[in-house]
Amino acid sequence: MEEALEPEKKRTRGLGTRVSTTHPRAAALSSAPQTQGQTTVPKAPRKPAPRCSTAVAPVLKTQKPGPVVPAQKPGTTAAPPMVGGKKPKRPAWDLKGQLCDLNAELKCCREKKQVLDQENQQLRDQLQEAQQQALALGAERRSLEEELTRVRAQAEQGQRELGNLSAHVLELEERLGTQEGLVQELQKEQLRLQEERTGLAARLGEQERRLQTSEASLSDSQEEVASLRQEAAAREAVLAEREDRLHGLEMERRRLHNQLQELKGNIRVFCRVRPVLPGESTPSPGFLQFPSGPCGPSDPPTRLSLSRSDERRGTLSGAPAGPTRHDFSFDRVFPPGSGQDEVFEEISMLVQSALDGYPVCIFAYGQTGSGKTFTMEGGPGGDPQMEGLIPRALRHLFSVAQELSGQGWTYSFVASYVEIYNETVRDLLATGTRKGQGGECEIRRAGPGSEELTVTNARYVPVSCEREVEALLHLARQNRAVARTAQNERSSRSHSVFQLQISGEHAGRGLQCAAPLSLVDLAGSERLDPGLALGPGERERLRETQAINSSLSTLGLVIMALSNKESHVPYRNSKLTYLLQNSLGGSAKMLMFVNISPLEENVSESLNSLRFASKVNQCVIGTAQANKK
């Protein structure tokens, strides 16, 4: 395209020269000054103008030069008429006429020049448009060349793929031959399998018949299972209903049980008279009497009469005075013939309250040798009939906890055993080098803001069976402080406190309860004889007795303060009352065993114990509340 346009540009550039040759008058005009002295102006021969381009040729053909008639100015002679299409020559003297002719020709030439300028501008515009078309065609040619290159690359790729496909076709033909051989073998195998299929179809028919029989049996079984499931669901609903009812009955039992215990009194006093031991003098008839209850001899005794004769007293006639009778009434009185099982049967319901979340405290009070330790721990030898309240209470708690586990309750038990000797706390369960070290044990709060009390450096042993409890009691007997006194060959000179922390939880209903069971064997309560001369060893016994009586006196004051609803209760006046603070008061149930000797020689101490127990029996403490969450 550019090569085709190149000659056109050359022809366009030479257009001015060729056009000027087609108008001889312009040449004559340019030579007019040189031929002013001549009469005639020679005409140049007209040559045909070459055609510059297809676009210019129509313009040149349509614009042929016509005869130019110059305007005649006034005062000049008219130009002679043209003869034969040619302008006649003016005479040499007619310079003005010649000038007019030249002006006319100049004007004509200017008009032609304007026309030629317009044509030249049109040709330039056409040239610019042609150049733009040439550029567009060049870009199109390049894109076509790129397309051609891409098509050639694709063709080469197609040729390669065709070659690969040809090779693949050959490979497939080889495989086809192999497959045909395999097909023949498979056809033979198919025939064999068809024969086997026929045999299997027969077996399948037999199996289908057996399956139908099994399905019928299964359908019957499923119906039976569905019926059993419905029955099981109904039984589960009944069981759940019965569990709810049982739980309601259990809670009602606890409420009624607590109400019964409250009716009996949150603080009760039992009196127990020990039997006469071998080697002791038999008391005189009528010294101790146990009057029958309101319902007769079948009613458990609740009263005790003690007769005391004082030889120092006499009548006006000089005859000795009769014995003085002292009557006492308690919640229950156990004569000398009462066994350990009978005693525990009376307090078993109170022990049951500890599982229900009520703090329970049981004391054994009395003079030395009255049977306190025997009542709480039992006698030696391991005779089951001689077991005391502590092993029996724990056996009862373990048994009831096992029964309540069927209702969803789980219980844990943690035991501790300490003694308070001369206002010093000792751990009776200590082993090894810690035996007898009481200074390390202190009574502290379990934590900031907690009401629970704990003994520092004391062993707290989880227990779950009777054997573990027996081992703890055996260890405590070995560690307890004892000494010989005037009333007993081997007397406990300290208060022993066995505490069992009981924690219960019903996970299904989100219920929790916790309460301590405290079983306390108090030290012997003997009065002091200030006129008695004592040696160095007896002075130590004297200090022990003073500490014992002081703590027992504080215990009485605490019970009286609770009964009178006083604002201040002197728990801290004694280590014993401070340790048992949470087991006393309105939120606890308390039972005191007053143990007395059947011997007449101990009548003075027996009266003191009975009078103290009577004061305690007259106390009334507020309604107990269970520690539940």
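This briefing describes selected local features of the structure, grouped by topic.

The model is predicted, so local features are given where pLDDT is at least 70 and side-chain atom pairs where pLDDT is 80 or more, while totals for chains, interfaces and linings use all residues. Residues are numbered from 1 along each chain as its sequence is written, and side-chain values use heavy atoms, with hydrogens and water left out. Helices (H or I, at least four residues) and strands (E, at least two) are DSSP runs numbered from the N terminus. Relative accessible area is classed as buried (under 20%), exposed (over 50%) or partly exposed (in between), with a 1.4 Å probe and protein chains only.

**Salt bridges**

- A salt bridge is a side-chain nitrogen of Lys or Arg within 4 Å of a carboxyl oxygen of Asp or Glu, and the count comes to 17.
- Arginine 90 pairs with aspartate 101, with the closest N and O atoms 2.6 Å apart.
- Because arginine 90 lies in the loop between helix 4 (57-62) and helix 5 (95-264) and aspartate 101 in helix 5, this pair ties together parts eleven residues apart in sequence.
- Arginine 90 is buried at 8% relative accessible area, and aspartate 101 is buried at 8%.
- Glutamate 377 and arginine 477 form a salt bridge of 3.3 Å, N to O.
- The former lies in helix 7 (residues 372-377) and the latter in helix 9 (residues 466-479), so the pair ties together parts that are 100 residues apart in sequence.
- Glutamate 377 is buried at 8% relative accessibility, whereas arginine 477 is partly exposed at 37%.
- Arginine 395 meets glutamate 387 in a salt bridge, the closest N and O atoms being 2.4 Å apart.
- Arginine 395 is partly exposed at 27%, whereas glutamate 387 is buried at 16%.
- Salt bridges with shared partners join Arg90, Asp94 and Asp101 into one network.

**Arginine 332**

- Arginine 332 is placed in strand 5 (residues 332-334) and counts as buried, at 8% relative accessibility.
- Its side chain makes polar contacts with the side chains of glutamate 342 (3.1 Å) and glutamate 346 (2.9 Å).
- A polar contact is a pair of N or O atoms within 3.5 Å; within protein, one must be able to donate a hydrogen and the other to accept it, and residues adjacent in sequence count only if both atoms are side-chain atoms.
- Leaving aside residues up to four places away in sequence, the residues in contact with arginine 332 include Val269, Phe270, Cys271 and Pro300, where contact means heavy atoms within 4.5 Å.

- Three strands form an open antiparallel sheet in the order 2-3-4.
- The edge strands, strand 2 (288-289) and strand 4 (324-329), each pair on one side only.
- Strands pair if DSSP finds at least two bridges between them; strand 2 and strand 3 (residues 303-308) pair over two bridges.
- Leucine 288 stands opposite leucine 306 in strand 3.
- The 17 residues of helix 8 (residues 389-405) should span 24 Å, and its end C-alpha atoms are 24 Å apart, in agreement; the expected span is 1.5 Å times one less than the number of residues.
- The buried residues of helix 8 include Leu389, Arg392, Phe398 and Leu404.

**Cysteines**

- The structure holds zero disulfides, a disulfide being a pair of cysteine sulfur atoms within 2.5 Å.
- The sulfur of cysteine 108 is 5.8 Å from the closest cysteine sulfur, in cysteine 109, which is too far for a bond.
- Cysteine 108 is buried at 13% relative accessibility, and cysteine 361 is buried at 0%.
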